[in-house]
Amino acid sequence: MEFEFSRLRRGEWIIGVASLVLIASTFLKWYGLRSAFVPAYSTLGLGNGSRDAWSALTVGGPLILITGVLGLAAWYAQGACRAPALPVCLTVMLWPVSLILSLYLINRVLISKPGATSAVSLKPGAIIGLLSAIAVFVGAYVSMRQDGIRTADGPQQIETFRRGSRAAGAR
């Protein structure tokens, strides 16, 4: 299996880049205390009050990791495999997983977000994570719509037999 960048189409590039950003976003701050509360929190020795995806999202952290790794596997398989079976299988598995993650993050970041009177606020990591999860979902959809074998990877000459003809060496 030789990796060729020419096998990657727009959908796989979206999946690959968005998966990397999604995994990286888990280490960014997703939630944090509003600035008025940080000094008191720090005085108590509790840190700065910010939480990344791993500590703020019980279900979301592992789901983000699964989606990101599956997305990177689909990206790699598309570039490494001549036949579409493995890349299609991975993309078909990625699509519902990324849909579930996107809906989960829409709920956590947009619907159930902390209110204006809350001591907690959203940080940039939450928005970056949400947008990259949606991008993985869109990339998987685009990739599935383009699945097939490249002309360069397909059979060059298909052997045909006429009815009644004998194979070479047969009596």
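**Figure 1. Which side chains meet in a salt bridge with 2.6 Å from N to O?** They are the side chains of E12 and R9. A salt bridge here is a side-chain nitrogen of Lys or Arg within 4 Å of a carboxyl oxygen of Asp or Glu. This is a predicted model: local features need pLDDT of at least 70, side-chain atom pairs count only at pLDDT 80 or more, and totals for chains, interfaces and linings use all residues. Residues are numbered from 1 along each chain as its sequence is written, and side-chain values use heavy atoms, with hydrogens and water left out.

R9 sits in the segment before α1. Its relative accessible area is 19%, so R9 is buried. Buried means under 20% relative accessible area, exposed means over 50%, and partly exposed lies in between (1.4 Å probe, protein chains only). E12 is buried too, at 1%. The R9 and E12 side chains also make a polar contact at 2.6 Å. A polar contact is a pair of N or O atoms within 3.5 Å; within protein, one must be able to donate a hydrogen and the other to accept it, and residues adjacent in sequence count only if both atoms are side-chain atoms.

**Figure 2. R7 and E4 form a salt bridge.** Their closest N and O atoms are 3.5 Å apart. R7 has a relative accessible area of 4%, so R7 is buried. E4 has 24%, so E4 counts as partly exposed. How many salt bridges does a search of the whole structure find? The search finds two.

**Figure 3. The whole chain holds six helices and three strands.** Helices (H or I, at least four residues) and strands (E, at least two) are DSSP runs, numbered from the N terminus. From that end, the elements run α-β-α-β-α-α-α-β-α. The chain has 171 residues, and 35% of them count as buried. The accessible surface comes to about 10,200 Å². Carbon and sulfur atoms hold 66% of that surface. Accessible areas come from the Shrake-Rupley method with a 1.4 Å probe; for residues, only the protein chains shown count as cover. Now take the contacts between residues at least 6 apart in sequence: 78% of them join residues at least 24 apart. Contact means heavy atoms within 4.5 Å.

**Figure 4. Helix α1 has 16 residues.** From its first C-alpha to its last, α1 reaches 22 Å. That is close to the 22 Å expected at 1.5 Å a residue. The expected span of a helix is 1.5 Å times one less than its number of residues. The buried residues of α1 include G11, E12, I15 and L22.

**Figure 5. A nonpolar patch lies on the surface.** F5, W13, V17, V21, L28 and I128 form the patch. Together they have about 520 Å² of accessible area. Patches are made of residues with over 30% relative accessible area and no salt bridge: like charges are joined within 9 Å, nonpolar side chains (Val, Leu, Ile, Met, Phe, Trp, Tyr) within 5 Å. Which element gives the largest share of the nonpolar patch? It is α1, with three residues. F5 comes from the segment before α1. F5 has 52% relative accessibility, so F5 counts as exposed.

**Figure 6. T26 lies in the loop between α1 (10-25) and β1 (29-33).** Is T26 buried or exposed? T26 is buried, with a relative accessible area of 2%. Its side chain reaches the backbone oxygen of I23 at 2.6 Å. Leaving aside neighbours within four places in sequence, T26 is in contact with D52, A53, W54 and I64.

**Figure 7. G125 is found in helix α6 (residues 124-145).** G125 and T26 are 99 residues apart in sequence, yet 7.3 Å apart in space, C-alpha to C-alpha. G125 counts as buried, at 2% relative accessibility. Not counting residues up to four places away in sequence, G125 touches S25, L28, K29 and W30.

**Figure 8. S102 lies in helix α5 (residues 85-111).** The 27 residues of α5 should span 39 Å at 1.5 Å a residue. The end C-alpha atoms are 38 Å apart, which agrees. S102 has 4% relative accessibility, so S102 counts as buried. Other buried residues of α5 include L94, S98 and L105. Which residues does S102 touch, not counting those up to four places away in sequence? They are L130, A133, I134 and F137.
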